[in-house]
Amino acid sequence: MTAPRVLTLLSDFGDRDIYVGVMKGVIAGINPGLNVVDLTHQIPPQDIVAARFNLMNAYAFFPPNAVHVAVVDPEVGSQRRAIAIATAHGCFVAPDNGLLSGVWLHTPILSAVALTHPHFWYTPTPSQTFHGRDIFAAVGAHLASGVDLEQLGSPLDPTTLIQLEIPQCQRIGTKIVGAIQYIDHFGNLVTNIPAAALDERDWQIRLPSEPAPIPGLSRYHQVSLGAAIAVIGSHGWVELAINQGNARQHWNVIIGMPVELELIASF
Amino acid sequence: MTAPRVLTLLSDFGDRDIYVGVMKGVIAGINPGLNVVDLTHQIPPQDIVAARFNLMNAYAFFPPNAVHVAVVDPEVGSQRRAIAIATAHGCFVAPDNGLLSGVWLHTPILSAVALTHPHFWYTPTPSQTFHGRDIFAAVGAHLASGVDLEQLGSPLDPTTLIQLEIPQCQRIGTKIVGAIQYIDHFGNLVTNIPAAALDERDWQIRLPSEPAPIPGLSRYHQVSLGAAIAVIGSHGWVELAINQGNARQHWNVIIGMPVELELIASF
Amino acid sequence: MTAPRVLTLLSDFGDRDIYVGVMKGVIAGINPGLNVVDLTHQIPPQDIVAARFNLMNAYAFFPPNAVHVAVVDPEVGSQRRAIAIATAHGCFVAPDNGLLSGVWLHTPILSAVALTHPHFWYTPTPSQTFHGRDIFAAVGAHLASGVDLEQLGSPLDPTTLIQLEIPQCQRIGTKIVGAIQYIDHFGNLVTNIPAAALDERDWQIRLPSEPAPIPGLSRYHQVSLGAAIAVIGSHGWVELAINQGNARQHWNVIIGMPVELELIASF
């Protein structure tokens, strides 16, 4: 017996309504044997930047034959394209609004199509407000059931896909100037400084609202309860945290706030 | 190999506790091969009206052999009946409190039983407070595993099942007078006016708290960011929304607030 | 065909981020055919007591060959041990911080190991902050796929595992003095008084903030809407509730508040 294929779902649909359940109904109608995994449905409404960040950090942990369906779609009903792309680390189905632009930053696109073939939709006359159900879920289920990407619609030049322009951190001498790009459920602050930007030297972080520099360490337990700490987070970005506390509340920060990382010569 | 059967769950159990997990444990003990899908567990506590609305709008998107277990059960432990019904669009298991009355509004009942046969319960001595675990989950799992509805208990006359009396919209000349029946996660206002009530004419909506009429249009992108719009929502009801905003917050409305729809002659 | 094995997940990771989704990615990479069930991911951050309580009340409803992975891990990155234990009612994988100490209170440990064998981890160089992904999810998936517990690491003496010392209720004459140990989604107050502590007599409860004694009854429907009631809850503990209301809000109580139960002679 073949192992079930994985289909993941990410959206801003929340968990109060039946939107996600209905997408799973459409998927089960096409292939009830798929292994459907929720990445999250708590993306803030219409926040493509948060959706891009979460999907970018998640897909690589799934089997390479997984299909990822991501729907944060403020322009639903307009002429924005619906797309699917293939990579060596999975296939992706989404509106063409930059949501997938974090994925192809790290993983080259092997092929891309516009979802123009209604045969693979839930209905040839989709609603104007819920393409998650009427197009994306159905296309994802067909893709995860063995339909070739090329069959789903007309080929696209990957260079025409919408990019989200995300601020990058900058190295200036022994400093790296970046910003908070995400705040997680624990209140940990994820910067846009990748671990790869650090060299072998020690480092520390400065936040505008914190007079003392925050030491860059490798483990939470090296500091006392309630102390500030900077670590390489599990997604590979520099993160700021309060040991067993909530850094968002502690510093009252928001996404976009600047951070300054200093590299310190080791002796 | 047969495809896995789908069993859906809807409740007011929330996601903070283990109530839903424990129901899935009971289901897995009967048949670990079922495809269990959560519709939602965020129904407001004991809100049968919201449960009825959500289930009514969800079931038709699932395979016709799916079993839907719905538990919002303020009278648990009393003499209220536990029931199962069969329709051409799936079987349903629930307390007899009106929760299923939105389903049979659209889909005739083929047969109905009272769940009086303890052989198909989790335990012959169910708790007084958690029939979701002790009766409904177990019965649903047996039904989805091939047990005949008739085996689950004594036959019921469908006309004796509890109805929820839900206010209907009324057509008065060129006006349709209705009300807000649901507000979703995005803050969109779902009225009780079905798309079928509109004829080919143009239409607009009036809300008590909004001086300007709200145009009835087909697509969000026809209006500017932050503008009010009325659309046929994905469930087939007239909905009011703020383009990329939150209509509940914008108008500070609650469920039950009246809306007035005007049909406008086309020229 | 063998029935799929169940693997449950319990954590404080919430549902806003991709932490849980990524654990499921790791699991699917090892065995996409497992039946993965969420117990809850809404444990308050780093609250081992709440995690212990929920897991203790859930596992017995699952098939005895289920594997339960529980991750509330404030000491992640320190020298705290990662463990797996086998019982007659399932295997458990968790940090050694007392999270499992409610399980072995009721179910003897058959064998215990420290998770010292990196072959069964997601990566031999785990992150310092996310062992849920890098160790626990992977080990759980291997265990649920047939790997023997003994292969996962070095054997442990169960008496060396960390216990959480939880206040026990005390019987003093015809009184039982206990405390609120958990408050659920409905606002029901779960005490630390087990049903087994009650004998055949009638009983009533006193709360510091409620002048009138609260009658111990068997069914919610025996009291009127909004009335206070004490029942044996579905987990087997004495619970305080407001019929179709929210007891936490009604009495403004917190976890740890004392309760006094009086046994009353029947005549």
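Modeller: Chain B and chain C bury about 2,800 Å² between them, and carbon and sulfur atoms account for 57% of that area. The model is a predicted one, and the values that follow are computed from it. On the side of chain B that touches chain C, helix H1 of chain B, residues 19–30, gives the most, with eight residues. By class, that side of chain B comprises 13 nonpolar, eleven polar and six charged residues. In total, 30 residues of chain B and 34 residues of chain C take part in the contact.

Polar contacts are present, however: twelve residue pairs are found across the interface of chain B and chain C, with both residues of each pair at pLDDT 80 or more.

The symmetry of the pair can be stated next. Chain B is superposed on chain C by a rotation of 120° with 0.0 Å of shift along its axis, at an RMSD of 0.0 Å. The two copies meet through different surfaces, for 7% of the contact residues of chain B recur in chain C.

The counterpart is the interface of chain A and chain B. Here the buried area is about 2,800 Å², with 57% of it from carbon and sulfur atoms. Helix H1 of chain A (residues 19–30) supplies the largest share of the side of chain A that touches chain B, namely eight residues. That side of chain A divides into 13 nonpolar, twelve polar and six charged residues. The contact involves 31 residues of chain A and 34 residues of chain B. Between chain A and chain B the salt-bridge count is zero, while 13 residue pairs are in polar contact, both members being at pLDDT 80 or more.

For this second pair, a rotation of 120° with 0.0 Å of shift along its axis brings chain A onto chain B, with an RMSD of 0.0 Å.

Notes. Residues are numbered from 1 along each chain as its sequence is written. Chains are lettered from A and ligands numbered from 1 in the order in which they are written. This is a predicted model: local features need pLDDT of at least 70, side-chain atom pairs count only at pLDDT 80 or more; totals for chains, interfaces and linings use all residues. Side-chain values use heavy atoms; hydrogens and water are left out. Copies are superposed by least squares on the C-alpha atoms of residues with pLDDT of at least 70 in both. Contact means heavy atoms within 4.5 Å. Buried area is the accessible area (1.4 Å probe) that two parts lose on being put together, summed over both. A polar contact is a pair of N or O atoms within 3.5 Å; within protein, one must be able to donate a hydrogen and the other to accept it, and residues adjacent in sequence count only if both atoms are side-chain atoms. Helices (H or I, at least four residues) and strands (E, at least two) are DSSP runs, numbered from the N terminus. Ala, Val, Leu, Ile, Met, Phe, Trp, Tyr, Cys and Pro count as nonpolar, Asp, Glu, Lys and Arg as charged, and the others, Gly among them, as polar. A salt bridge is a side-chain nitrogen of Lys or Arg within 4 Å of a carboxyl oxygen of Asp or Glu.
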